[in-house]
Amino acid sequence: MSIEAFGGEGGHLLGRALDVTDHDGLAAFVRDAATKFGGLHGLVANVGGARGRGLLESTTDDWLATYDVNVGHAVTAVRAAVPLMAASGGGSIVLVSSISGAKPAPQAQYGVAKAALNHLAACLARELAPERIRVNAVSPGSMLIPGKRWHRMMTEDPEEYARFAAEFPGGQLVDPDNVAEVIAFLLSDRSRAINGANIPVDAGQNAPSPDGY
């Protein structure tokens, strides 16, 4: 997993190949980014995924791994960032969740982890407010990304894709740029009154998956 940090309008970039479940390594990256750029004002926890199948086919390790990659990495990154943000006068944290955290879809371990991430944002928003740090969650819907599942479905099985697209009132899946724009807004001072929110960016999507529910 490649993790990147950006510094100001000059376009400076710090990148590192990193397993975010290596919690010591992740915390070190956050600290190194703050050192390189002279402070820390924003953090986006944007790593997610799932392991295992349905309840009876999945293992305890599948559930723990899914929790760790979604929630555990976010906790570690935020814990490392808070002292640095406080020293910089505050900042904004965005936890990237999913509509699966509120709308049921298989497999359960993924939705449960994302629901926990939503609640984490709400709790930390209150806990960190005295440090002038805001925390919000963004819940994207299904995004049309070249090479990924929905894009492959669109080209390989257009009838199935059309049935899935019907879950969207406008018939169009989410553009990743729209999600990025909401995240950028939440990181900016223009969103100073938004704290503890979970903002869906899902184009009104109904079911999160064509696989059921």
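In which loop does Gln107 lie? Gln107 lies in the loop between strand 4 and helix 3; helices (H or I, at least four residues) and strands (E, at least two) are DSSP runs, numbered from the N terminus. This is a predicted model, in which local features need pLDDT of at least 70 and side-chain atom pairs count only at pLDDT 80 or more, while totals for chains, interfaces and linings use all residues. Residues are numbered from 1 along each chain as its sequence is written, and side-chain values use heavy atoms, with hydrogens and water left out.

**The largest pocket**

- The volume of the largest pocket is about 1200 Å³. On a 1 Å grid over the protein atoms alone, a pocket is an open set of points where a 1.4 Å probe fits, with protein on both sides within 12 Å along at least five of seven lines. Grid points are joined across faces, edges and corners, and a volume is the space filled by probe spheres set on the points.
- The lining consists of 34 residues, of which Ser98, Tyr110, Gly141, Met143 and Trp150 lie nearest the centre of the pocket; a lining residue has an atom within 4 Å of a point.
- By type, the lining residues divide into 18 nonpolar, 11 polar and five charged. Here Ala, Val, Leu, Ile, Met, Phe, Trp, Tyr, Cys and Pro count as nonpolar, Asp, Glu, Lys and Arg as charged, and the others, Gly among them, as polar.
- Helix 3 (108-128), helix 4 (149-156) and helix 6 (176-187) each supply at least two residues of this lining. The largest share, five residues, comes from helix 6.

**Helix 6**

- Helix 6 has 12 residues and reaches 17 Å from its first C-alpha to its last, close to the 16 Å expected at 1.5 Å a residue. The expected span is 1.5 Å times one less than the number of residues.
- The buried residues of helix 6 are Val179, Ile183 and Leu186. They cover an arc of only 60° around the axis, which puts them on the same side of helix 6; the arc is that of the directions from the helix axis to the C-beta atoms.
- Buried means under 20% relative accessible area, exposed over 50%, and partly exposed in between (1.4 Å probe, protein chains only).
- These buried residues pack against strand 3 (42-45), strand 4 (91-96), strand 5 (133-140) and strand 6 (198-201). Contact means heavy atoms within 4.5 Å.

**Backbone features**

- The peptide bond from Pro106 to Gln107 is cis, with omega near -10°.
- Arg132, in the loop between helix 3 and strand 5, has a positive phi of about 65° although it is not a glycine. Arg132 counts as exposed because its relative accessibility is 63%.
- Ala203, in the segment after strand 6, is not a glycine either, yet has a positive phi of about 55°. With a relative accessibility of 46%, Ala203 counts as partly exposed.

- Thr76 lies in helix 2 (residues 60-87) and counts as buried because its relative accessibility is 9%. Not counting residues up to four places away in sequence, Thr76 touches His23, Leu26 and Ala27.
- Ala116, in helix 3, is in contact with Tyr67 and Val71, leaving aside neighbours within four places in sequence. The C-alpha atoms of Ala116 and Val71 are separated by 7.1 Å, and the two residues are 45 residues apart along the chain.
- Pro158 is found in helix 5 (residues 158-165). The C-alpha atoms of Pro158 and Glu127, 31 residues apart along the chain, are separated by 47 Å.
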